[in-house]
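Visitor: I am new to this structure. Could you walk me through it, one residue or region at a time?

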Amino acid sequence: MERPKKKQVLLFHCEEAEELARKVAAQSDLIKLQCINWRSFDDGFPNLFIKNAHDIRGQHVAFLASFSSTAVIFEQLSEEGDVATAFTLARMLSNTPISRGGPTSLVIYDIHALQERFYFSDTILPLFVTGIPLLKQRLQLLPESDKVVIAFPDDGAWKRFHKLLDDFPVVICNKVREGDKRIVRIKEGDPTGYHVVIVDDLVQSGGTLIECQKVLAAHGAAKVSAYVTHGVFPKKSWQRFLHKSEDSEKAFSHFWITDSCPHTVKAIAEKAPFEVLSLAGSIADALQI
Ligand SMILES: O=P(O)(O)OC[C@H]1O[C@@H](O)[C@H](O)[C@@H]1O
């Protein structure tokens, strides 16, 4: 049977995600970058304007959102009130209006808590995707790619990612939180002599990764690196990972993040050990479904 022809997609974006939207549009002639005039009223409420909005009728439209902070979430969803819990946010997103083609698709990269998958209502079509293929491609380029072990900092990360990384040996850690402290221990696996890559969905303070790195190094890891899909890094906590000078301690050889949090991408540009694995190609693929 002949596959249906791919359709043109009009790609809108929030202000913060402009650069990523440009990269996505560069992936295919069928993706046309669109512009929203993104202003705010004096009271802070969003005042958005789309020129020639009537031309959108009947077209396949996508919106590249950013969830890097509560401020930008609320700006995009034009909502006011308490800090959204995952459930509240899922309900808000479930109210995205349906279009002529039916329910709106919602593409989410490495959703934080797996149970959140079931929080969405039938009025939208959530699609759960992952940044892990980008990491796997990158790992193949390492000179020591056959000496790589994947470490999961806790059971949650293992549950979420182990099937996607089952061609690597693994180390599974245990994490308990005591207030601001994270206590990490090795539960399974041996990092001795390996380049160990810690894989998690997101980083905030960096405490989890730092504690995990210490334990892995103490157990003989030759090198430690990290991959997280979402580099949230509130309060510039990315600074904790920098290779400050030639002689500074380089606890993490590589730190890979995606460009899901645009403000972080800007902040860490050209700063070792950080490297951005762009989601652009993967988003462009998702738009052609
Ligand atoms: O330790 P920080 O970086 O503050 O927080 C990130 C961790 O907290 C969890 O929710 C995430 O899944 C990740 O393991």
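Guide: Let us begin with Gln213, which is in contact (heavy atoms within 4.5 Å) with Ile198, Val224, Ala251 and Phe252, leaving aside its neighbours within four places in sequence. Please note that this is a predicted model, in which local features need pLDDT of at least 70 and side-chain atom pairs count only at pLDDT 80 or more, while totals for chains, interfaces and linings use all residues. Residues are numbered from 1 along each chain as its sequence is written, and side-chain values use heavy atoms, with hydrogens and water left out.

Visitor: Is Gln213 buried or exposed?

Guide: Gln213 is buried, with a relative accessible area of 10%. Buried means under 20% relative accessible area, exposed means over 50%, and partly exposed lies in between, with a 1.4 Å probe and protein chains only.

Visitor: Which helix is Gln213 found in?

Guide: Gln213 belongs to helix α6, residues 207-218. Helices (H or I, at least four residues) and strands (E, at least two) are DSSP runs, numbered from the N terminus.

Visitor: How many helices and strands are there in the protein?

Guide: The protein has eight helices and 14 strands. Of its 289 residues, 42% are buried.

Visitor: Now for packing. At what angle do α1 and α8 pack?

Guide: Helix α1 (residues 18-25) and helix α8 (residues 280-287) pack at about 65 degrees, and their axes are 8 Å apart. Axes are lines fitted to C-alpha atoms, for helices over the stretch in contact, and angles run from 0 to 180 degrees between N-to-C directions.

Visitor: Which residues make the contact?

Guide: On α1 they are Leu20, Lys23 and Val24; on α8 they are Ala280, Ile283, Ala284 and Leu287.

Visitor: Turning to the backbone, where is the cis peptide bond?

Guide: The cis bond joins Ala272 and Pro273, with omega at about 10 degrees. Pro273 sits in the loop between α7 (262-268) and β14 (274-277).

Visitor: And what is the phi of Asn52?

Guide: Asn52 is not a glycine, yet its phi is positive, about 50 degrees. The residue lies in the loop between β4 (46-49) and β5 (60-64), and at 46% relative accessibility it counts as partly exposed.

Visitor: What about Phe233?

Guide: Phe233 also is a residue other than glycine with a positive phi, near 45 degrees. Phe233 is in the loop between β12 (223-231) and β13 (255-258), and its 3% relative accessibility makes it buried.
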